[in-house]
Each structure stands twice: as structure tokens, then as C-alpha cells.
Amino acid sequence: MWLELRVERHVITRLPPAAQLTTSPLFILLRHTLLKIVNDPVVDSVLLGAGAAISLATGRFASPLSLPGLQIHLPDLDMTRFCKSRSVIFVLSHIMATGQIFSRNTQALFYNYKQLPIQRMLDFDFLCGRETPSVAGIINPGSEGFQKLFFGLEEIAIPVHSTIEAACVAHPAADVFINFASFRSAAASSMSALKQHTIRVVAIIAEGVPETDTKQLIAYARANNKVVIGPATVGGIQSGAFKIGDTAGTIDNIIQCKLYRPGSVGFVSKSGGMSNELYNTIARVTDGIYEGIAIGGDVFPGSTLSDHVLRFNNIPQVKMMVVLGELGGRDEYSLVEALKEGKVHKPVVAWVSGTCARLFKSEVQFGHAAAKSGGELESAQAKNQALRDTGAVVPTSYEAFETAIKETFEKLVEEGQITSVPEIKPPQIPEDLKSAIKSGKVRAPTHIISTISDDRGDEPCYAGVPMSTIVQRGFGVGDVISLLWFKRSLPRYCTQFIEICIMLCADHGPCVSGAHNTIVTARAGKDLVSSLVSGKMSDFSNIGLLTIGPRFGGAIDDAARYFKDAYDRGLTPYEFVESMKKQGIRVPGIGHSQELPKGKVYSEARLQRLRIKSRDNIDKRVELLQKYAHTYFPSVRYMEYAVQVEAYTLSKANNLVLNVDGAIGSLFLDLLVGSGMFSKQEIDEIVEIGYLNGLFVLARSIGLIGHTFDQKRLKQPLYRHPWEDVLYTK
């Protein structure tokens, strides 16, 4: 294999094949050339042949310097001064048609994260016994961090970079760029990769890349001795060493085609799909593939059939080549010329598909962009004949292709040019849990149970009701709550009652504790969520939703719980209230929330001036709820019991009225019982869990959000409590 030592874009010297590199004059020439380069003040970077290694700490070459098939000992070559003053970059630099482009140590950068192709590459690495993963880094524009994937049984984290430049700096050993970008950005990202010193092979997977862009990529790559595979390619593979993306398909197919260890056949095709077919065919009748490339079906491929055949010709391990072309274009004729000129001295078995095109009366476009005959010379028959005339083994039909490959291989074996490849048993790839569960091989416990919604189908479902049905049937918020909270579709009077509760409890002015603290938080410059749910934000704590509790809006559950227990046990209002008094428990749902000094008696007029709800100043919300229930509920026994309790408490004080919490709590009991859709156990569970307080939390969130927006819209400054409103005492 020929290598070049290059400085910038100028060839300094060309090194001969490995077999001739043991002569003393060449060592002298190499050493002299390197010394000349490092002492040249205008040289900014050095690119040295495959596998070159230098210690940037000492500035000395590693000894020995390893290249494929040869070793060079240069222990006395000191580059310390050069390393300290300039950027030194060492990468493999091949002319396109010189030989092997992949190895067991090849590493790649993967552009535009796709989990499955990367995992397939890593599984292939493990299958081949590689010590290091072939994917060094992932480039996802705008993202940084890590992606977790598997390398055999081990879970690894592959770095994610936001730019191509950053990835190349972080992974200088990665010299293959695998581009999974769409056709819109594939050309620009590929050109950016080609301009990186460390990248020497670019594989472009996308179809539909504009031909003008492709031509520019090809021109740049050839001018800089780089390799482009594609566009519209599945990639390539070197058996037992490295593969690009989805090349060769599943692990089962790779094992069946014996691609986990090297064979003796070099294969190149335009079609990625037919590559898989031929890998299988070649494995059946030969010792398998050494390297396979799909150049892609575009009119202007980044590298041609002949480019790769000439490469294969210079790889000692490749003993024969198999070529699959297709009608359209004249790419195959470059191979014909190479055969004519004697540049290929290994057997070539070739077939150009598309012979059926002549059966059509008019020109037919086959699958690939280039797969249409533009004249007789571009027909499959003409190409097959030209290849046959220049010495390639060309069968009479595709059906005979396998036989031709087999006979050519067996002849080489008989001549002693191919020795049998020892069969090895590849390691078993651990199966992903998801696929193992799907195939019934394992069972695994789930981590979450959900009974209220399901998003696995074409559309989300709430309690089994599809989203489209909810919209088409005109369901309201109450209906959605009945599905998600109670897992059933309640009657319309029930869902409307839920909506009324939400509307009546949405807000109660800026002075109540929840709204006040949300306003304070919003004025402190906090965001909506912080203002709504509060917590330890800025200098404030226990604000917003966190103030909802037994004393502020959270007594609905307790009211329902105590009223239900008392009614079900047959306690009279007197017995109920007095028993609560003995336990030191306030009766939930009774009394206005504003505290009044104990031991003082207030007149009705005084209570009204204080805006405290009383016997003659009933909460309008309670009246509306009671009126609705009397009109639509089949039974209101719990509400009637709560009213009886209110009558007794009013005899003690004018402000001990049934408040909105008590009204909602008692009426919700009537809703649950009267609907006939809940068992006693379910009703007890609903009250115990805290469903009813959920109504107040949901409703008051609307108001708290409104207060947050209101303060921000008004651009209110930071709140400071007035000192005259504080009692300072020791």
C-alpha cells in the first residue's frame, strides 16, 4: 500500500510499499524529510501516514512507529522545539485508490444522532472483538452532553458535541465522518467535515442531495486526497473491523454472512439493498467479504466503482473482486478502462443489472437517480459486454452470478492463492430488554401503573375514551375531570356541578393568603410556576398553592369526612358539634375564615361591615350551590344535614355559617351517593385520598395564575410590607 507524507497540500515524499521499506536509504530519506519539515518556519502543520504517533508531551515519535504492515524505528528524532511552537496534527493521508481505508482501530464521528444505526455499529464492534467502540463521538447541532448506548454488556456514554469542529478537536483519532443529516443540510455538513484535517473519509447517507453540491464535494475531496462514499449510500463494511451505520442490516444477517471475520473478496455495488443480498451470496460460495462498499445510486457518486476496485487491487488480503453495477451512467466504463490498461491484476466478477429495460417500449426510471438508460452505451447489455471483453468474468444472467463467483473463488483456491479461513464462533450479542420482552424470552416488572389514560395508540385516551370522541361529543372540563379523576363518565348534572365549583372557587380577591403571597412572589420577579406553587423562593416561603390547607380552602375533604361520619352514625347536630368541641376540633366547613377574638359578641351590622359572612350575610356561592343541587340532584341528604349543623352553630355565634368548603363537601357526598355510580368503599376512598380538595387546588390555580399575570402586566415593583402594619414587641 502506498502512503504519502504531506505538508499542507504538497507531497513531500511518497513512501513505497511496506515490503520495500526495510532498506536503509529509505530510512535516511524519511528521517531527513521529517527533519526538514519540522525546521521549516513556514510549516504550520504536519500530516503523516497511517497510525503515526507522537508524544505531544516529549515531542518524540513513539517507538516503534506502526503503520499497516510495517514498522519504522526513529528513536532519535526529536520534535520538542517544533511541538512547542506549532500545532502538529498527525493523521492518515491516502490517495483515493491506494488501499485500505478502514481497520480494527478506525473510529468515526456520527453526525445527527440516530440511536439504531449507532447501536448496530457498536454491536458489530463487540461481535468482531474490538477493544474500543468505533463511534468516538456524536455531533448533534445545538446539543452537548452524552448519549448512553451499549458496548456488549457494558453501558457506555458517548460524548455529544454541538459542532463538527469541536468534535474533531476532541477526537483527533476519529477519521471517518458518518453523515445522517437530511438532504437539506448534508452537503454543507459534509463539506465542513472534509475541511477538517483529521477527517479523511466521509459517508453521506441522505438521498436527494443536489447534484451541484455533490460535484463540489467530489472536487474538494479529490483535491485533498479524501474519500467520499455516497450520497444515497448505506455505507460500507470491513469484515471483522468496522462498519458504517446500517450497513449489512441486522446482527443476524451479519452473522449469516460471516462479516464478523475477514474473507478474501472485495465487493463494490451501487445499491445498498443489493449489497445485503450479495454479502449473503458471497458468504455461501466463498470464504466471505473482506471489504464491501455501496457507492450509492446518484448520478454523481462521491467515489466510483473503479475507485474501489483499484483500492481492492492494492490490498493484499483481497484476492478477488465482485462488482454489481446497474444501467444508466458510464461509471462502469472507468472500470473497463482500468482493466484495459492492466491496472487491475486480480480476478473481477461483474454484473450490470437492468437488462430487462429493453423489454419496455419507452425509457424507464428504476429505483436510483442514475438508474435509467440514456442510450445504448448506458444499457446493462453494453456495459456487461464491455466488461467481458476486457477480461472481467461476466455471467449470462444475474441467476448465474453466484455460480461465476463460486467458480472464480474455487479456481484461486486450487491455485493456492487463497488459503482457507479458520471459522470462529462470534460472541453472542446481548439482546435488548425491549426486544426480548416482545419476543417472549423474558418478563420484566413495570415501574408505573396507570389506569386513567393511555397514549400508546393513534391518539391519547382518557379512561378509555379517545381524544377525538371527547372533542366530537362536546365534553367540557367537568367531563374530563370525571374521566381522569373518577375513571367514568358522570351524568351531565354531575360534571356541570364540578364546573360550577371550579368557577365559584377560582378566585376570592387579592387579600386572601394564597393570592396575597402569589402577588408578593410575582412582584419579586419570580416566574409563573414559582409564583403559583411557591416554596422557598426569594425571601418568601409557604406561599401560593402551599397555603391551601385546613384554614384556607383545603377544608372540603375534612368537611365531607366529618359530615359523612356523623350522618352515617346517626348523630344529631348537637351531638356532632359538642363531640367535636370536646376533641378540640373546629367543625370543618362551618364559620367564616377570618379570625375573630374569642369572648366578644359582634352584632350583625358589625359583622357585615367587617365583610364577615353571617346569618344575614350568607355567602352567595353557598346559595348558588344549594340552589343548583335542589334543582338537579336526586338527593341532598348530606347537604340538609350540614344545614342542620349550621342552624345549631348559629345559635352559638352569628358567623358560624355553612361556608363554601362545607357546601361543596356535603354536596359532593350527595353527588357521589345520588349518581348511583359509586360503591360505599369507593366513596370512602375518594374522601380519604383528597379528591375534593383537588377541586379547590384546580380552581384556585386559575385565580393565582391570573394574579401573577396581573402583577407582571402592571409592572409592579418589589413588595415591602409597611412597618406601621407590624407590631414590634419584645
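The structure holds 29 salt bridges, a salt bridge being a side-chain nitrogen of Lys or Arg within 4 Å of a carboxyl oxygen of Asp or Glu. This is a predicted model, in which local features need pLDDT of at least 70 and side-chain atom pairs count only at pLDDT 80 or more, while totals for chains, interfaces and linings use all residues. Residues are numbered from 1 along each chain as its sequence is written, and side-chain values use heavy atoms, with hydrogens and water left out. Helices (H or I, at least four residues) and strands (E, at least two) are DSSP runs, numbered from the N terminus. Residues are called buried under 20% relative accessible area, exposed over 50%, and partly exposed in between (1.4 Å probe, protein chains only).

**Salt bridges**

- K258 and E423 meet through their side chains in a salt bridge, with 3.8 Å from N to O, and this pair links distant parts of the chain, 165 residues apart, since K258 sits in the loop between α7 (251-256) and β16 (265-269) and E423 in the loop between α12 and α13 (433-438).
- Both partners count as partly exposed, K258 at 25% relative accessibility and E423 at 47%.
- A salt bridge also joins the side chains of R284 and E402, at 2.7 Å from N to O; because R284 lies in helix α8 (residues 272-285) and E402 in helix α12, the pair ties together parts that are 118 residues apart in sequence.
- R284 is partly exposed, with a relative accessible area of 49%, and E402 is likewise partly exposed, with a value of 28%.
- D565 forms a salt bridge with R569, and the closest N and O atoms of that pair are 3.0 Å apart; D565 is partly exposed at 36% relative accessible area, whereas R569 is exposed at 54%.
- A network of salt bridges links K564, D568, K680 and D684.

**Surface patches**

- Patches are made of residues with over 30% relative accessible area and no salt bridge, where like charges are joined within 9 Å and nonpolar side chains (Val, Leu, Ile, Met, Phe, Trp, Tyr) within 5 Å.
- A patch of negative charge on the surface gathers E407, E410, E414 and E415; in this count Lys and Arg are positive and Asp and Glu negative, with His and the chain ends not counted, and the place of a charge is taken as NZ of Lys, CZ of Arg, CG of Asp or CD of Glu.
- Within that group, E414 belongs to helix α12 (residues 401-414) and is exposed, with a relative accessible area of 69%.
- L528, V529, V533 and F709 form a nonpolar patch on the surface, and together they have about 310 Å² of accessible area, a quantity that comes from the Shrake-Rupley method with a 1.4 Å probe, where for residues only the protein chains shown count as cover.
- Helix α18 (residues 528-533) supplies the largest share of the nonpolar patch, namely three residues; V529 is found in this helix and counts as exposed at 53% relative accessibility.

**Cysteines**

- A search of the whole structure finds zero disulfides, a disulfide being a pair of cysteine sulfur atoms within 2.5 Å.
- C505 is in no disulfide, and the nearest cysteine sulfur, which belongs to C501, is 6.3 Å away; C505 counts as buried, at 2% relative accessibility.

**Backbone features**

- A cis peptide bond, with omega of about 5 degrees, joins G230 and P231, and P231 lies in the loop between β13 (227-229) and β14 (235-238).
- K258, described above as a salt-bridge partner of E423, has a positive phi of about 55 degrees although it is not a glycine.
- K487 is a residue other than glycine with a positive phi, near 60 degrees; K487 lies in the loop between α15 (477-486) and α16 (492-505) and is partly exposed, with a relative accessible area of 44%.

**A pair separated in sequence**

- M191, found in helix α5 (residues 186-194), is buried, with a relative accessible area of 17%.
- The C-alpha atoms of M191 and Y220 are separated by 8.1 Å, while the two residues are 29 residues apart along the chain.
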